[in-house]
Amino acid sequence: MRFKDKVCLVTGASSGIGKATAMAFAKEGGRVVVSDVNVEQGERVVNEIGSIGGKAIFVKCDISKREDVEHLVKKTVDEFGRLDCAVNSAGIAGNLSLPTHEYPEDAWLQQININLTGTWYCVKYQLQEMLKTGGGNIVCVSSAAGLVGQPENVPYAASKHGVVGIVKSAAIEYATKNIRINAICPTAIETPMLMEGRRKLAYNPEAKEEAINHQRMKRMGQPQEVADVALWLCSNQSTFITGHAMAVDGGAFA
Ligand SMILES: NC(=O)c1ccc[n+]([C@@H]2O[C@H](COP(=O)([O-])OP(=O)(O)OC[C@H]3O[C@@H](n4cnc5c(N)ncnc54)[C@H](O)[C@@H]3O)[C@@H](O)[C@H]2O)c1
């Protein structure tokens, strides 16, 4: 019960890593704000949390819209009185696989607006609340593509490198304010983004096999394995860690 009565906000919490993180906070006693653009699935997560005796609300938020993010943080505080932990998992990987010289501007802007500007909005408004109460923890879900390039998906790599830049810069700014800010950089995690999104591994057994064989552990990571790291970074077991971009990669960067 590391998060008993802590107020924990998770974006992208309707699915994948965000959902696993919201559930994990609830299991450890947190009061959880489940946020996403997907209302139906988000409300299902809230019901799941309720069914295990946890406390959660759903707040619809498109992180690429500043007024949505402002409302999300305000609603969190109106409902639960404060904000202790935030995990910013909302993001997209786009649908295209194209080299940089052919990549269309609208698809570039979509990823930049959500993954980079959206994450910046989240961190900005979360910090404002944490400063009022004297501390907190923020974790942003970047990617392995925030540490190395991702061919044929330049806006994804650029936006995820940018998330690491936000995290490192803000971590320094608030290091003496009792606010820690870290990034998680996963490789292949078995979520709808990877299985049904751009690479559609769920429908392409050969590509799935190749993706698995590419992993050092010869398996994909599970959302829970990322959620565990997010909770640890938000907990009192990592109090001297800030500004870190932590690979959760099954040995890929070894
Ligand atoms: N799955 C992987 O292999 C992997 C690897 C590295 C990084 N990531 C990152 O992890 C994070 C979570 O991805 P996932 O794998 O759980 O994918 P997912 O698709 O299962 O979940 C992403 C969630 O974000 C939500 N979302 C999308 N755009 C949004 C917006 N504008 N505002 C609010 N919510 C929005 C979606 O509705 C969805 O519920 C993403 O930031 C992703 O880039 C995933």
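User: Let's start with Ser143: where does it lie?

Analyst: Ser143 lies in the loop between S5 and H5. Strand and helix names follow DSSP runs, numbered from the N terminus, with helices (H or I) of at least four residues and strands (E) of at least two. This is a predicted model, so local features need pLDDT of at least 70 and side-chain atom pairs count only at pLDDT 80 or more, while totals for chains, interfaces and linings use all residues. Residues are numbered from 1 along each chain as its sequence is written, and side-chain values use heavy atoms, with hydrogens and water left out.

User: Good to know. Is Ser143 buried or exposed?

Analyst: Ser143 is buried, because its relative accessible area is 7%. The cut-offs are under 20% for buried, over 50% for exposed and partly exposed in between, with a 1.4 Å probe and protein chains only.

User: And what does the side chain of Ser143 lie 2.9 Å from?

Analyst: A polar atom of that side chain is 2.9 Å from the backbone nitrogen of Ala145. A polar contact here is a pair of N or O atoms within 3.5 Å; within protein, one must be able to donate a hydrogen and the other to accept it, and residues adjacent in sequence count only if both atoms are side-chain atoms.

User: What about Ser142, buried or exposed?

Analyst: Ser142 is buried, at a relative accessible area of 3%. Ser142 is also placed in the loop between strand S5 (136-141) and H5, and its side chain reaches the backbone oxygen of Lys160 at 2.9 Å.

User: How many residues of S5 are buried?

Analyst: 6 of its 6 residues. Gly136, Ile138 and Cys140 point one way, while Asn137, Val139 and Val141 point the other. In a regular strand the side chains alternate between the two faces of the sheet.

User: Which strands does S5 pair with?

Analyst: S5 runs parallel to S6, joined by 6 bridges, and parallel to strand S4 (residues 85-88), joined by 4 bridges. For two strands to pair, DSSP has to find at least two bridges between them.

User: What do S5, H5 and S6 make?

Analyst: A right-handed β-α-β unit. Right-handed means that, with the strands pointing away from the viewer, the path from the first strand over the helix to the second runs clockwise. S4, helix H4 (residues 105-133) and S5 make a right-handed unit too.

User: Why is S6 described as largely enclosed?

Analyst: Because 8 of the 8 residues of strand S6 (residues 179-186) are buried. Ile179, Ile181, Ala183 and Cys185 are on one side, with Arg180, Asn182, Ile184 and Pro186 on the other. S6 also runs parallel to strand S7 (residues 245-248) over 4 bridges, where Ala183 has Ala245 as its bridge partner.

User: Let's hop to the other end of the chain numbering. How do S1 and S2 pair?

Analyst: Strand S1 (residues 7-11) and S2 pair in the parallel sense over 5 bridges, with Val10 opposite Val34. S1, helix H1 (residues 16-27) and S2 make a right-handed β-α-β unit. S2 (residues 31-36) has 5 of its 6 residues buried, and 6 bridges join S2 to the parallel strand S3 (residues 55-60).

User: New topic: the ligand. How many residues surround it?

Analyst: 27 residues, with Ser15, Ile17, Asp36, Tyr156 and Thr191 the closest; a residue counts as near if one of its heavy atoms lies within 4 Å. The shell divides into 14 nonpolar, 10 polar and 3 charged residues. Here Ala, Val, Leu, Ile, Met, Phe, Trp, Tyr, Cys and Pro are nonpolar, Asp, Glu, Lys and Arg are charged, and the others, Gly among them, are polar.

User: Which polar side-chain atom lies 2.5 Å from a ligand oxygen?

Analyst: One belonging to Thr191. A backbone N or O atom of Ser89 lies 2.9 Å from an oxygen atom of the ligand, and a polar backbone atom of Cys61 is 3.4 Å from a ligand nitrogen. Taken alone the ligand exposes 820 Å², and the protein buries 91% of that, with areas from the Shrake-Rupley method and a 1.4 Å probe; for residues, only the protein chains shown count as cover.

User: Last one: is Arg216 buried or exposed?

Analyst: Arg216 counts as exposed, at 59% relative accessibility. Its place is the loop between helix H7 (205-214) and helix H8 (223-234).
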